[in-house]
Amino acid sequence: MKRVSLVFSLALAASLSAQTAHAQALKTVKDRGMLSCGVSQGLPGFSTPDDKGNWTGIDVDICRAIAAAIFDDASKIKFVPLSAKDRFTALQSGEIDVLSRNTTWTLSRDTSLGANFTGVTYYDGQGFLVKKSLKVNSALELNSASVCVQTGTTTEQNLADYFKGNNMKYEVIAFVGADETVKAYESGRCDVFTSDVSQLYAERLKLSNPGDHVVLPEVISKEPLGPMVRHGDDQWFDIVKWVLFAMVDAEEMGVTQKNVDEMSKSDKPDLKRAFGTDGNLGEQLGLTKDWFYRVIKAVGNYGESFDRNVGAGSKLQIARGLNQLWNKGGIQYAPPIR
Amino acid sequence: MSIESRSPPPQFAFRLKRALGGRAGWGGFALQVVFVVVLIWIGYEIVANARLNLETQHITSGFGFLKNTAGFDVSQNLIPYSGSDPYTQVFLVGLLNTLLVSVIGIFFATLIGFVVALCRLSPNWLLSRIGGAYVEAVRNIPVLFQILFWYLAVLAALPGPRQSISLFGSFFLSNRGLIIPKPVGEPGLPPFALALLIAIVAWLILHRYARRQLFEKGRSITIWPYALGMLIGLPLVASLVFGAPVIFEIPALKGFNFAGGSRVIPEFVALTVALSTYTAAFIAEIVRAGIMSVHRGQMEAGLSLGLSRGSVLRLIVVPQAMRVILPPLTNQYLNLTKNSSLAVAIGYPDLVSVFAGTTLSQTGQAIEIIAITMGVYLAISLITSAVMSFYGWRISRSLGA
């Protein structure tokens with residue numbers, strides 16, 4: 001683990017001392033014929049490989065959508081699994097073109113890392129997972145508990161703030177990987193496992209007896225998760241940003257993976273603009289006219305991706321909640337394609 | 001070229017030429033200058049380019065982040081630390097945790113290593129086979145697996161805090177670590193410490209006196225009963241007069257964990273045990289090689305003088321063996337220190353975990369943090385080497401005398 005981050009740091013030092021001109025990410029990706037996408041080391045629902053090495057998840061769908069928009073082929077991707085602490089260095093060094101790895105959008109990350117968040121793929125919050133046998137009903141009863149946490153995350157700081165704010169004592173044990181953290185929790189080294197609520201549901205599935213564990217009702221932080229790109233390449237920033245907006249807008253306009261062929265022949269002006277039968281919005285992004293069609297054909301709209309990976313159609317069974325569209329009670333909102 | 005005997009060659013210029021250019025003369029010197037200039041230029045280009053690119057990409061650089069508040073907690077801190085302290089304090093906490101594991105690991109590795117080596121060299125068949133089996137088993141398994149084994153297989157199998165194994169109702173062993181009574185200083189502590197100090201100084205003086213008597217007059221004086229009496233008696237008298245030096249805070253189960261008392265966390269135990277047993281296997285072989293390098297005749301000569309086997313080992317064989325042992329032993333000490341960075345695998349908060357891990361990902365300043373961390377390991381290693389070299393110099397001096 002230490003070696004990996006050392007490799008990335010050296011790569012960062014090397015790339016920073018070698019490159020001079022602004023890298024044009026779109027051109028680089030096209031020349032390479034492949035999108036390099038940083039994902040997690042395996043988080044069900046967000047990015048996880050199956051036994052054949054096929055990656056799935058809501059974060060993976062963002063990468064597939066970008067690849068589809070550029071190459072019209074959602075499989076032209078190299079997935080780079082990254083630990084929480086290596087992810088930013090990998091992005092800074094140019095090892096990956098886009099970081100789509102359940103990363104919380106914060107001010108300091110948006111400014112000091114030399115990278116930008118492009119949007120919010122999932123509105124999350126931090127929670128606590130405990131054993132049912134402890135008979136704890138609220139996070140406020142966790143005084144003196146031992147807490148397992150994954151290092152290199154906003155979680156560590158939220159945890160410190162929450163326990164300090166409520167005048168409670170605790171012991172923190174921080175691990176590098178999510179798997180080690182969960183293993184320590186399961187072995188009884190800690191009473192509590194804390195992470196983003198979506199991740200708690202996902203990790204609970206990996207436990208030997210998921211029914212023995214319960215997620216406490218308190219959500220102690222705002223964790224808007226989204227993709228990141230490097231500073232200084234506005235075209236690439238726009239592409240990654242609008243691919244996500246396209247998926248959200250598609251859901252709002254009722255375009256799905258199934259009816260996309262039909263809808264692309266529609267006469268409705270907003271659909272004509274999106275599908276490029278009217279105007280050249282895709283070309284303004286540096287893509288092709290049919291970019292919107294390609295994205296939806298490859299991964300479906302936002303709602304479909306959500307259901308398939310984390311929602312009702314998945315094992316995680318997470319409710320849409322905040323991630324519902326703005327006109328259906330949630331806060332997912334995308335600017336119009338026009 | 002012939003040298004005229006009357007006018008000696010320009011000695012100074014000649015020496016300078018040899019020193020700077022070697023056999024190649026001034027041409028070689030010029031080549032060296034060019035080489036150094038090119039090296040400096042490459043280094044400058046790397047640094048300047050990195051700076052420029054960091055600026056153009058708006059990545060924060062510099063060491064200003066060290067003053068910012070860390071905002072996260074650490075499970076083991078030897079100095080007072082809370083989340084509202086700056087990153088410099090996190091750095092110190094991590095550094096001390098690394099040093100703690102290294103120092104204690106080196107102590108036990110040396111101890112176990114010497115014992116195993118003596119076992120292997122012992123004429124006793126069973127002891128030598130046990131020593132051999134230990135070395136072969138331990139040194140051939142990767143150290144990371146050994147750390148994980150101790151952490152996940154041995155220590156994680158301990159019961160939870162509510163079912164912890166209790167000793168005298170004041171020591172508790174559970175999967176949260178070993179909780180022991182914590183000594184709290186009382187008014188009687190300063191006189192107690194003073195009495196102990198006086199006893200130790202007196203013991204050292206007595207020891208010197210006995211040695212001098214032995215070397216100069218050949219008289220052997222038994223001092224240990226007096227020394228022991230003073231070491232126990234003086235502090236005892238002090239505490240009888242001034243009251244107990246410390247009282248012990250007994251840990252008690254409260255909520256999820258024990259409150260009060262001191263705690264040794266299982267991550268520390270797993271790491272220290274794994275590193276010291278692993279390194280001990282290598283040290284055992286080094287010590288064995290060192291002892292075997294001393295000629296048989298030394299041992300036989302010592303025995304024929306009527307010294308016991310232990311005395312011969314301690315006074316004659318080991319001091320000579322140390323000359324061979326020290327350089328590779330230093331290597332093992334350095335290896336142990338560097339291997340302590342494997343702590344990240346089990347969540348022990350060492351320097352790599354809290355500083356090159358959490359701090360790095362919170363600030364994103366990879367170049368600065370990795371540079372500091374590498375510098376610290378380099379400094380620790382150089383200091384260790386220097387201490388060992390000094391020790392080696394003293395040994396060879398005393399052997400030469």
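Trainee: How far apart do the C-alpha centres of domain 1 and domain 3 of chain B lie?
Mentor: They lie 60 Å apart. The domain bounds come from an automatic or database domain assignment. This is a predicted model: local features need pLDDT of at least 70 and side-chain atom pairs count only at pLDDT 80 or more, while totals for chains, interfaces and linings use all residues. Residues are numbered from 1 along each chain as its sequence is written, with chains lettered from A and ligands numbered from 1 in the order in which they are written.

Trainee: And which residues belong to each domain of chain B?
Mentor: Domain 1 is 11-56, domain 2 is 87-181 + 250-400, and domain 3 is 183-249.

Trainee: Switching to chain A: is helix 8 buried or exposed?
Mentor: Eight of the eight residues of helix 8 (residues 197-204) of chain A are buried, so the helix is largely enclosed by the rest of the structure. Buried means 20 or more other C-beta atoms within 10 Å of the residue's own, with C-beta atoms placed from the backbone. Helices (H or I, at least four residues) and strands (E, at least two) are DSSP runs, numbered from the N terminus.

Trainee: What do the buried residues of helix 8 of chain A pack against?
Mentor: Strand 7 (122-124), strand 8 (126-131), helix 7 (178-186), strand 11 (192-196) and strand 12 (213-215) of chain A. Contact means C-beta atoms, placed from the backbone, within 7 Å.

Trainee: What does A:I66 touch?
Mentor: A:L35, A:V98, A:I239, A:V240 and A:V243, not counting residues up to four places away in sequence.

Key
A residue is buried if 20 or more other C-beta atoms lie within 10 Å of its own, exposed if 12 or fewer, and partly exposed in between; C-beta atoms are placed from the backbone. Two residues are in contact if their C-beta atoms, placed from the backbone, lie within 7 Å.
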